[in-house]
Every structure is written in C-alpha cells, then in structure tokens.
Amino acid sequence: MPVAVELPSLGESVVEGTVSRWLVKEGDRVAVDQPLVEVTTDKVDAEIPAPVAGVVQKILVQEGQTVAVGAPLVMIEADAGSKAPSKPASPPAPSAQPRADAPAREAPAREVPPATPLARRLAEEAKVDLRSVTGTGAAGRVTKQDVAQHAGGRSQPAAEPAPSPAAGRAAYLRYSLQPGDKVVPMTPLRRLVAEHMVLSKRVSPHVGTVAEVDMSGVTRVRDAHKRAFEQDHGFGLSFLPFIVHAAVRALREFPRLNASVLEDAIVEKKDIHIGIAVETEKGLVVPVARHADRLSLAGLAQALEDLANRARSKKLSADELQGGSFTISNPGRFGNLYGFAIINQPQVGILRMGEIVKRPVVRTLDGEDAIVIRPIMHLALSYDHRAVDGAPANGFLHRIRELLEEAEFDL
C-alpha cells in the first residue's frame, strides 16, 4: 500500500520548510524511522523519518523547493504487515504540490504567492499586500528585497516590471566570475541567516559599547570547583555560565535591555529567556534557555550544555529556537579581542564574549600602583538605539562587569 510522507509541524510558528537534501533515492528500501530527507525552516533543521518500512516509490519534492506543512514529500510502498499511518494515503492533489512548481493562475483575485518568512514579516510591517509583489526568487518566490523595493516604489507614478536581482544592483556591487573562482551556493540555512542579518541592520540602528573585565575572581571560583563539578555533572564547567548568570542579574536591573520594539511602543518583557549562539557544522543557530533567571549557576550550565549538544546533533525543536529576549554570543577560545554582533530580531541587545587573555594591568596594592598580570576579557554589547539610550546600555554592561569581578557565585 502506498504511504505518503508529509512535512510535519516542526513548531507552532513554522508554516513551511525547504528540502535541503534527500538521504534516499527512488527504489531504495527503507526501515521504520530511517531518516529520509533533511528539511530546513526559518527556525530549525530537521530530518524526516520513514513512518513505515518499504520501498521509496516516488520523490515528490526536489532539493531546494519549499512546501507548506502537511504537503507530501515522498511516496513509500509499504511492506506487507508494516503498520501504515491512520491517515489513508492518496496521490497528492495538485494544490499540495511544491509551491515552487505551481503555475500562475488567471483569476479575478490573485492567490498569495510563495514568500520567504522574512519577506512575509517585512510585508506585514510595511503593510504591503504580497499579491501585488512580483517575486524574483527561485520560481517566483517573493524575497525580502522584492517587498522592500515594492514598498519604496509605491509612491512613484509609473510602475515598472521588477528587475532581476543582478540587474537591480549598482555596478560596483556586481562581480564577474574570473577563471579559478569557486562558486559555493548558499544552503537554505545560510540564506535564512543572511536575510535575517540584513533585516536586522535595516530595522535597528545598532550602537556598540565595550567593557574590559578582569576575570581573576571567576577564574578562581571555576578552578576551585571544576573537578568536583565535572564529577557530579559529567561535563566541564566553562566560563559561559558565569557570563550568562551575570547578564541575567543585570537584565533584572536594566529591563530596557530585555525588550522588543512593537510599532510605536517598547515592550519590557517579564520573563528572561536567553538565546545562546551556537556554531554547528551547517551554520549558526540560537537555542533559548528559558526562564534563565530562575536557574542557579549549575542549572544554567546544565541547560546550556544540553542545548549546545542537541543543536549540534540536530535534535532541537523549532520552539526551542524562538522566544529569546536577549542573546549572548560566545565565539569560543578563538573569539579574538572583541567584536560587535548583529542583534537577533526582535530583541534589542546582544552581548558578545571576547577571548580571555592574560594582560598587564595597573592595580592598587597596599596603597601603591603596581603592574600585575590578570586574565582579561572584553565584552561587547550591541544595542538598538530605538529602544535603548547610551546611559542604560552602559550601565547594564558596567553592572555585568561588576558582578563578574566581584565573583560572588554559588555552585
């Protein structure tokens, strides 16, 4: 009996997914729960497993195509005795085909065209009807640039056909391939990250400030407890939980950094959910540690370790990648001196950790100035000037520095 494998719901806010890579081909025999295909959404990557054992009969969606949740991806001829899903399988209806293949229809009311998640969000903000936008993306898909161009041109008396992306760029932005150049196509996740970063820089006026932090106290606390901590919890104690713990306490004192801009208002959020930027083999993801202010330092360390491990093994749900109220970026041992990260929308701030390096600094010892060696870290805060002025932003970062240098942490 043929069984249709559909794109499942990957989170309450996820309405579509892009097939990034097929792990099987037509004619392959598959077992129950064997991964069939990798799907990318604007929140998470996921592998879709086979619901039954059998033979792959027909692949319905090609790599790079985007389909709605519930659309069939592949047909499997189930083995006799293999329990099929309760929902009867049937050949996909024309309306359930990948939207990238759907032909344009001549109708009095034009259907809403396929669009990227960021394009839909921008259209809502700019009050643009997507049905009036000509898509220049793959197979007519509406991109963020299409919406921005349409919104900017509505006041012009004469409308012209939308140019191709290359034609719409200034000459100095175009590049002609040269012999020996290597063209690396963007993965779906890379495209989504790129769109989000461009949107964030367009929406939020970014301002940066830096603090130099003496990590001597934190280092002493960590060194005193790291062996017992690893024995008790099964993983090493890094510096990240200390930074997060200090940031959470500072957010309680400076709620304007734990906020979002909502049209003509600023929403200071009750709950503190910390996003942690994690680098995976497929790119950057930001899982969220919820209610971080309710966790002890050890509890934070456990939550962060769990999120990072599941992010790298692709076992996060889409809901674990959304809802953050503030983000911390940890480039690791090779973070360089400092760098300003791009704000993760719709938040208003992001804190980036620099590497810890022993440096000569001046300290007062027994009433005398002396040059001593201390482990120093630079913390760089990027904030949205629409919501946050310089005084609270600098006060917030200074408070984090105080908490870390006081190093009054209880493990």
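A residue counts as buried under 20% relative accessible area, as exposed over 50%, and as partly exposed in between (1.4 Å probe, protein chains only). Val-37 is buried because its relative accessible area is 1%. This is a predicted model, in which local features need pLDDT of at least 70, side-chain atom pairs count only at pLDDT 80 or more, and totals for chains, interfaces and linings use all residues. Residues are numbered from 1 along each chain as its sequence is written, and side-chain values use heavy atoms, with hydrogens and water left out.

Val-37 lies in strand β4 (residues 35-40); strands are DSSP runs of E with at least two residues, helices runs of H or I with at least four, both numbered from the N terminus. Its C-alpha atom is 5.9 Å from that of Arg-21, 16 residues away along the chain. Beyond four places in sequence, Val-37 has contacts (heavy atoms within 4.5 Å) that include Trp-22, Ile-48 and Leu-73.

| Helix | Residues | Among the residues in the contact |
|---|---|---|
| α5 | residues 240-253 | Phe-242, Ile-243, Arg-249 |
| α7 | residues 390-406 | Phe-396, Arg-399, Leu-403 |

The axes of α5 and α7 come within 9 Å and cross at roughly 130 degrees. That makes α5 oblique to α7; angles under 35 degrees count as roughly parallel, over 145 as roughly antiparallel, 65 to 115 as roughly perpendicular and the rest as oblique. Axes are lines fitted to C-alpha atoms, for helices over the stretch in contact, with angles from 0 to 180 degrees between N-to-C directions.

The protein has 7 helices and 18 strands, and 42% of its 411 residues are buried.
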